[in-house]
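Open the model in your viewer and keep the selection panel at hand. The tour goes stop by stop.

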Amino acid sequence: MKEKLENLIRESLKNLDIESSDIFLEHPADLEMGDYSTNIAMILAKNLEMNPKELAEKIVNCVRQDLTQEKGIENIEAKNGFINFYLSQEFFVNSIKDVLENKNFGKNNLFDGKKVMVEYSDPNPFKPFHIGHLMSNAIGESISRIVEFSGAKTVRANYQGDVGPHVAKAIYKLLQSGLPNESDSISEKARYIGECYSNGSNLYDTDENIKKEIDEINKKIYEKSDIKINEIYDWGRMVTLEAFEEIYKKLGTNFNYYFFESIVAPIGLKIVNENYESAEGPEHSRRIFEKSDGAIVFHAEKYDPKLHTRVFINSKGLPTYETKELGLTQMKFEKENPDLSIVITANEQEEYMKVVSKALEIMNPEIASRMKHIVHGMMRLASGKMSSRKGNVITGESLIIESCDKILEKIKDRDFTDEEKKQVSNDVGVAALKYSILKQNIGGNIIYDAEKSISFEGDSGPYLQYSYARANSVLGKAKVENILPGFVFLKPGFGDLQKPGFGESVFEIEKLLYRFPEIVERSAKEFAPHYISNYLVDIARAFNTFYGNSKIIDKDDLMSPYKVAITLAFSLIMKNGLYLLGIKTPERM
RNA sequence: GCCCUCGUAGUUCAAUGGAUAGAACAAGGCUCUUCUAAGGCCUUGAUGUAGGUUCGAUUCCUACCGAGGGCACCA
């Protein structure tokens, strides 16, 4: 339809002897202004030195002559210099039909034939799964699904820091305090290790002697030179990784790859050494790394004044994050050679990443051009209310548990089996969290309000799920009453798509459903899930209004089959849309 | 000090340079002898400041004010 309208305008401009430029069609903010509109007259009027309103009128009159042939367009008008198109009932009925007939309604081909690797979550063994990891997971999973829905083959990757000072800090404390009880659950053990990390970290900052001891442990971990430490290391790594796995299961993520710093570090070291100032090697090798104060650094500001110097190998000879990142990138491209490699992290890593990217760009511009770093804001809690049990730190895991528990409390009197209650509270609790992360632009900080996010009202995940469940329940009743989705009605001679009940205006929901594919495409283009979130709220509201104002299942209403068709179309789109946000759709709730 | 990101109703968020700046929460009123009222309908309220570019600026540019992040051996 969009192309059709563009062509109509283009033809008319040709007839008027006006040089046409790019024509942008958009949906007016207000449905009263039509279904599509363009500001082409205002853009062209300037060069032609014409009154934009008159030009718009002229174009409209010209288009109108071609319009008698077009079944999908009801009217066209010029208003305030805009040209507005009103689509016909036939178009809307057809679009509902499209939704029902096309299983993959909403797909686009933006990434057809492309392989996209998305790295996200990135929690570190020996540390808790904190709120930032939860955000990264929600965003990464959604972006993965969106690009997949846009034709890409996606590869999900998780990168985890299983070596480095944080591990030494946890192990120091584990050596002091001993291991947890054998009978504890995996997540309890993981929590204990997380506390050890936190304690060790405090000691590291406050006690010079302990700092030295921990640095020593760190070195031993890299060298694997101490049997006792190796044992604790292997055990702790396994326990925390298993605990993460339980969380991914709850959140609905399956990774194809797990990359570890321990594996990637030597690869990065090799890259840095090959590009070190005194390195011997082929003439083309760029010697961008220099020695400075005993460390090996990259002076990024030499190449871009906005960047700064960063250490790649510290004075103890150990690789830093930057070097590991270089190794990781090389490994990703060796394993999968993606057309696009996305990394999702918090915005605090934005500046480091620019420096790493610059180094990579100099060494391997081809690969650097296929990298994309997406940053998200930080989550903060709206109030002190969220104080977690026993005064522990609030982790991502504790947020999930708390959210699900609250939903369980809410549905405890429902007519569900215990198994259903568990499933529903998990699905809804996770949805509440994910939605509050994905409803806004991912770049900004998020103020998380637990009370609001689990309320079923308004702009929330549960509200969307509730709307779906409600539509689903209507469809169940339709089945019982034997009212099937239908399009063929009265009024012969007007095609088989005529809606019954003449003069009945088009429902708002019909004017929104056909836009879903455009929304998905924009989300994919900008890697921005929040367009989908906003859209889903719009259609949920429109559906609930439709539901409230008209009886859908009614044997005496000739319109009923069509209303069922609308309900079915809504439920399919809501299901697909929520899927793209990584949110499940319980059939009942 | 330098470099990023961001300032929109009381609050949390929207708005490819376009029309009367949209929602939701909170406050008040109405609405279940209809399929899930955890719904629906109605009322009240905002672009940090000062300039500039433009027919038109929340959007682009400059300065200022304010918030967050980063700036050498953590990630």
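Two strands count as paired if DSSP finds at least two bridges between them. With that in hand, select strand 9, residues 295-299, together with strand 10: four bridges join them, and the two run antiparallel. Keep in mind throughout that this is a predicted model.

**Stop 1**

Show Phe-298 and look across to strand 10, where Arg-310 stands opposite. The three strands form an open sheet in the order 8-9-10, with antiparallel pairing. Which strands stand at the edges? Strand 8 (289-292) and strand 10 (309-313) do; each has a single partner strand, so one side of each is left without a neighbour in the sheet. From one strand to the next, the twist averages 45 degrees.

**Stop 2: strand 4 and its partners**

Select strand 4, residues 82-87. Five of its six residues are buried, so strand 4 is largely enclosed by the rest of the structure. Strand 3 and strand 4 pair in the antiparallel sense over six bridges. Show Ala-78: Ile-83 in strand 4 stands opposite. Then go to the turn of this hairpin. Two residues lie between the strands, and Asn-80 takes a positive phi near 55 degrees.

Show Tyr-36 and find Phe-85 opposite, in strand 4.

**Stop 3: the whole chain**

Zoom out to chain A. Count the secondary structure: 21 helices and 14 strands. Taken along the principal axes, the C-alpha atoms fill a box of roughly 90 × 65 × 40 Å. Chain A has 589 residues, and 41% of them are buried. Look at the contacts with a separation of 6 or more: residues 24 or more positions apart account for 72% of them.

**Stop 4: the largest nonpolar core**

In soluble globular proteins, nonpolar side chains tend to be buried together. Here the largest nonpolar core has 147 residues. Select Leu-513, Ile-539, Ala-569 and Phe-570, the residues with the most contacts inside this core. Then select helix 21, residues 560-580. Helix 21 gives the core its largest share, twelve residues.

Centre on Ala-569. What is Ala-569 in contact with, leaving aside its neighbours within four places in sequence? Its contacts are Ile-96, Val-99, Leu-100 and Leu-513.

**Stop 5: a glycine in a helix**

Select helix 7, residues 186-206, and pick out Gly-200. Is Gly-200 buried or exposed? Gly-200 counts as buried, because it has 27 C-beta neighbours inside 10 Å and the cut-off for buried is 20 or more. Not counting residues up to four places away in sequence, Gly-200 touches Lys-169, Ala-170, Tyr-172, Lys-173 and Ile-214. Now draw a distance to Asp-112, which is 88 residues away along the chain: the two C-alpha atoms are separated by 49 Å.

**Stop 6: the RNA**

Finish at RNA strand B. Select the 75 residues around RNA strand B; Asn-314, Gln-440, Asn-441, Gly-458 and Ala-469 come nearest. Colour this surface by class: 26 residues are nonpolar, 29 polar and 20 charged. Which helix gives the most to the surface near RNA strand B? Select helix 20, residues 530-549: helix 20 gives eight residues.

Technical notes. Residues numbered from 1 in each chain as written. Chains lettered and ligands numbered in written order. Predicted model: local features only at pLDDT ≥ 70, side-chain atom pairs only at ≥ 80, totals over all residues. Near = placed C-beta within 6 Å. Nonpolar A, V, L, I, M, F, W, Y, C, P; charged D, E, K, R; others polar. Core = buried A, V, L, I, M, F, W, Y, C linked by C-beta atoms within 7 Å. Buried ≥ 20, exposed ≤ 12 C-beta atoms within 10 Å, placed from the backbone. Contact = placed C-beta atoms within 7 Å. Axes fitted to C-alpha atoms, helices over the stretch in contact; angles between N-to-C directions.
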